[in-house]
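This report looks at surface and ring features. View the structure first, then read on.

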Amino acid sequence: MTDFYPKAMPQQDLESAQSKKREALTRLRAGDPEAAKTLLVEACRLNPADAEAWLMLGNINAQLNAAAEAETAYMEALRLKPDFGEAHQYLANLLVPLGRLGEATLSYRRALRIKPHSIPVHINLGNTLVLQGRFDEASDVYRSALQIDPACRKATLGLAHVYERQGNLRQAFVHVQPYLDPGKVDADAAMIFAAVCRPLQRCDEAIALMERLLLRDNPPLDDKERSALHFRLGRLYDAQNLYDPAFLNFKLGNAIKAKMWRFDVQAHIRHIDTLIATFSPTFIAQAPRAVTRSERPVFIVGMPRSGTSLAEPILR
């Protein structure tokens, strides 16, 4: 007679799997993720029903930039435990840099249904919505985070960023101003202030703040933050007609970016595949079409290199 019930794992295998998980954590803390990965692969083989082991394997693969293997591990964790909030969260974290923002948004929302008071999930979801231009939804998420923790800096700065992107510069400044103390300001707050300072006639303050931030060692800035600050500072100096310091900051920003950036062939292929899937023949066939056939002339006016030449064939 066929046995339709899964057979219990041998106790020896279960104990060995747990031992390998513990050893993997030890190796990871010692800075050896490759050895930790090998141990977790074996742990998952010995006990394939351990959702936590699959989650750990996914996290290590993500750390090692093995995105496809990480996604497979996270999906297996979720197959075993569909209400595994951390697996939804870390899967979303993996998908964002791959450009799969819609999928990441769904995963963050699933994580929030399971962990409704998680501030990190709220912030990451809000940031992902901003990347998609879904500003009203992002605002709602940041405000929800502030209901949980009214002192949440990242949620307040998230709202400030949304206001800046929507052109509400005064509200953006109101939200970022409490975080502009020269001794405590971070790159996020400084970048938002720099983005809104020109219409508010506070460029000199923003320049001085960013110069001090770039000289500060504690807490240290990472290369991504330092590069972004140099580029923003260069634009501010350029707007003030101070071309020598503008050029210097652009040069420094480019030097840091060149050190950071490595062309990833597989990431580029994924990006192109995403474009092809998005702008499919079905999408093009269903895209809106102009219905007005008026012969009234339209004058396209703009600054040099602002896209006026491109606008003309688009409007035809």
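A patch here is built from residues with over 30% relative accessible area and no salt bridge, and nonpolar side chains are joined within 5 Å. The model is predicted.

**Nonpolar patch**

One nonpolar patch on the surface consists of Ile272, Leu275, Ile276, Phe279, Phe283 and Ile284. Together these residues have about 540 Å² of accessible area. Helix 15 (265-278) and helix 16 (281-286) each contribute at least two of the patch residues. Helix 15 gives the largest share, three residues. Leucine 275 sits in helix 15. Its relative accessibility is 36%, so leucine 275 counts as partly exposed.

**Aromatic pair**

There is one aromatic pair in the structure. Phenylalanine 173 and phenylalanine 193 form this pair, and it is tilted. The ring centres are 5.7 Å apart, with 35 degrees between the planes. The pair links distant parts of the chain, 20 residues apart. Phenylalanine 173 belongs to helix 10 (residues 169-176), and phenylalanine 193 to helix 11 (residues 187-196).

Buried means under 20% relative accessible area.

| Residue | Relative accessibility | Class |
|---|---|---|
| Leucine 275 | 36% | partly exposed |

**Charge over a ring**

Lysine 81 lies over the face of phenylalanine 84. The distance from the ring centre is 4.5 Å.

Methods. Residues are numbered from 1 along each chain as its sequence is written. This is a predicted model: local features need pLDDT of at least 70, side-chain atom pairs count only at pLDDT 80 or more; totals for chains, interfaces and linings use all residues. Side-chain values use heavy atoms; hydrogens and water are left out. Patches are made of residues with over 30% relative accessible area and no salt bridge: like charges are joined within 9 Å, nonpolar side chains (Val, Leu, Ile, Met, Phe, Trp, Tyr) within 5 Å. Accessible areas come from the Shrake-Rupley method with a 1.4 Å probe; for residues, only the protein chains shown count as cover. A salt bridge is a side-chain nitrogen of Lys or Arg within 4 Å of a carboxyl oxygen of Asp or Glu. Helices (H or I, at least four residues) and strands (E, at least two) are DSSP runs, numbered from the N terminus. Buried means under 20% relative accessible area, exposed over 50%, partly exposed in between (1.4 Å probe, protein chains only). Rings of Phe, Tyr and Trp (its six-membered ring) pair if their centres lie within 6.5 Å; planes under 30 degrees apart count as stacked, over 60 as edge-to-face and the rest as tilted. A charge sits over a ring if NZ of Lys or CZ of Arg is within 6 Å of the ring centre and within 35 degrees of the ring normal.
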